Amino acid sequence: MGNIGPIRNATVDLRPLNVLIGPNNSGKSIFATGMYAAWSRAAADYAARRIRLGKHFSAIPDDKAYEASAYIFEKLEEGKAPQVEDVPAVMTDIFDDLLKEIMNLYARGMVTEFERIFGTPLIELRRRQKRLTKGLISVRSMRPTWSIEMEISSRGTKTAISPPHLAEVWPKAGTHSWRRIKRRTDHVQGLPRTYLLREMATEIAKNCFREVPLHTKYLPAARSGLLQSHKTLAASMVRRAAMAGVEELKIPAMSGVVVDFLGELLELEPRESSSFADEALQLEREILSGTVRLEDDAFGYPEIIYTHGQGDYPLARTSSMISEIAPIVVYLRHILMRNDHLVIEEPEAHLHPASQTALARCICRLVNKGLRVSLTTHSEFFLQQLNNSIVASAIGESDANEVGFGPDMRLSPNKVGAYLFEPTESGTEVHPLEVSADSGISQSSFSEVEEKLYGESVVLSRRLEEDEEDEGQ
């Protein structure tokens, strides 16, 4: 992401764990929201891409389609992967055109998604100095190689795509993918020209987005308040909807992040996920000292109930700490699966330092079990716990186990990307921070605060000693 909002010249390489650090109002949340908007498009567009395949295939001569189908089936029968260089050129040209359309669809959808997620036209996201600057949002993939750039100016948004090459995308369909295509086409008699080509095209479309998480979820900073008031808000909107057609219906504007979070809560269907059930239980034990469960209310909406030794309580009657952790427990237990991406704003909010470190340990376990996590934080305690897990990965296994860092708690520095959001007069600059096995994430922003506080303490202690000496005289 280039220039957007207060941010200038920002580049983030996504890792299994991405940590955005910096002071308030530095653009961390804007950047995290942009990440969510970009990644939430790919899965939603698969169906749209599939619908558009017909016009491409109608241009393929029958003899070439049958030739390609026969070759592909022959390889599938042999248990081998078809090679793109052996497919007729007329078909590879068609698939190259298909890749361009896939990326164009993705780019157009991304513009719409950014506006929905931010709850405003893209032209309003331009960085303000003495005048509005041009905005630039870039989304790039390295495996396979493609990019989308959205340039935002007063005249609107202009998108430019650089699609991947078929020779790079085709091999990413592994043996299991070709076997799946074969299973889907085995029941069709003869050479299923259109059916086979549709299956291949769908697989190629998916291969464009191998780096993109299947699902991305966002836990906003205001989650505790939203969690306590979402049903009241929904009921109010339903009551006002009854007047539609009688008077002008005005709906309060909300960002897509908030709408998606509320939608998850209102449409939540209890399903026990085996992926992260253990981590949900551990959060309940280590932080909540109670359990979180879902219970339908009188209208059939899920109510989140906190159960303690002294009784059951709706979240509206619990502490802010419980309201902060409860949605994380609910998401882990009922929503998130492996290879999903969870964006969390300020996971340490309203938590005691001991609870912050417990949550940081949980994040490490989740990353090692296959959940991708991006988070914003201001907490030195939270970061220090992440650093301990990174350093633990560099010592011997028995030594790490001795101090409580089992395999699920040790975090390889290669899995972590950390970025410092530093405000300047011309906008926030984003700097990648070194992540090493020796010390973890560099914490330059916190060390400055620590040095300032230490300097104040030294001056105050000296003055106190001088006052005591004066009194003694």
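**Notes on the predicted model**

1. Helix H8 supplies the largest share of the lining of the largest cavity, namely four residues. Helices here are DSSP runs (H or I) of at least four residues and strands are runs (E) of at least two, numbered from the N terminus. The model is predicted: local features need pLDDT of at least 70, side-chain atom pairs count only at pLDDT 80 or more, and totals for chains, interfaces and linings use all residues. Residues are numbered from 1 along each chain as its sequence is written, and side-chain values use heavy atoms, with hydrogens and water left out.

2. The structure holds one cavity of 30 Å³ or more, and about 40 Å³ of space lies in the largest cavity. A cavity is a set of points on a 1 Å grid, over the protein atoms alone, where a 1.4 Å probe fits but cannot get out; lining residues have an atom within 4 Å of a point. Helices H7 (175–185) and H8 (193–207) each give at least two lining residues. Among the residues of the lining are Trp170, Trp178, Met200 and Glu203.

3. Helix H5 (residues 89–118) has 30 residues and spans 43 Å from its first C-alpha to its last, close to the expected 44 Å. The expected span is 1.5 Å times one less than the number of residues. Just after H5, Gly119 adopts a positive phi of about 70°.

4. Thr428 belongs to strand S13 (residues 428–433). Is Thr428 buried or exposed? Thr428 is buried, at 2% relative accessible area (buried means under 20%, exposed over 50%, partly exposed in between, with a 1.4 Å probe and protein chains only). A polar atom of the Thr428 side chain lies 2.9 Å from the backbone oxygen of Ser26.

5. The structure contains 11 salt bridges (a side-chain nitrogen of Lys or Arg within 4 Å of a carboxyl oxygen of Asp or Glu). One of them joins Lys369 and Glu279, with the closest N and O atoms 3.3 Å apart. Lys369 lies in the loop between H13 (353–368) and S11 (372–377) and Glu279 in H11 (residues 277–288), so the pair ties together parts 90 residues apart in sequence. Lys369 is partly exposed, at 23%, whereas Glu279 is buried, at 5%.

6. Glu211 and Arg143 also form a salt bridge (3.3 Å, N to O). This pair links distant parts of the chain, 68 residues apart. Glu211 is partly exposed, at 25% relative accessible area, while Arg143 is exposed, at 54%.

Methods: On a 1 Å grid over the protein atoms alone, a cavity is a set of points where a 1.4 Å probe fits but cannot get out, and a pocket is an open set with protein on both sides within 12 Å along at least five of seven lines; lining residues have an atom within 4 Å of a point. Grid points are joined across faces, edges and corners, and a volume is the space filled by probe spheres set on the points. A polar contact is a pair of N or O atoms within 3.5 Å; within protein, one must be able to donate a hydrogen and the other to accept it, and residues adjacent in sequence count only if both atoms are side-chain atoms.
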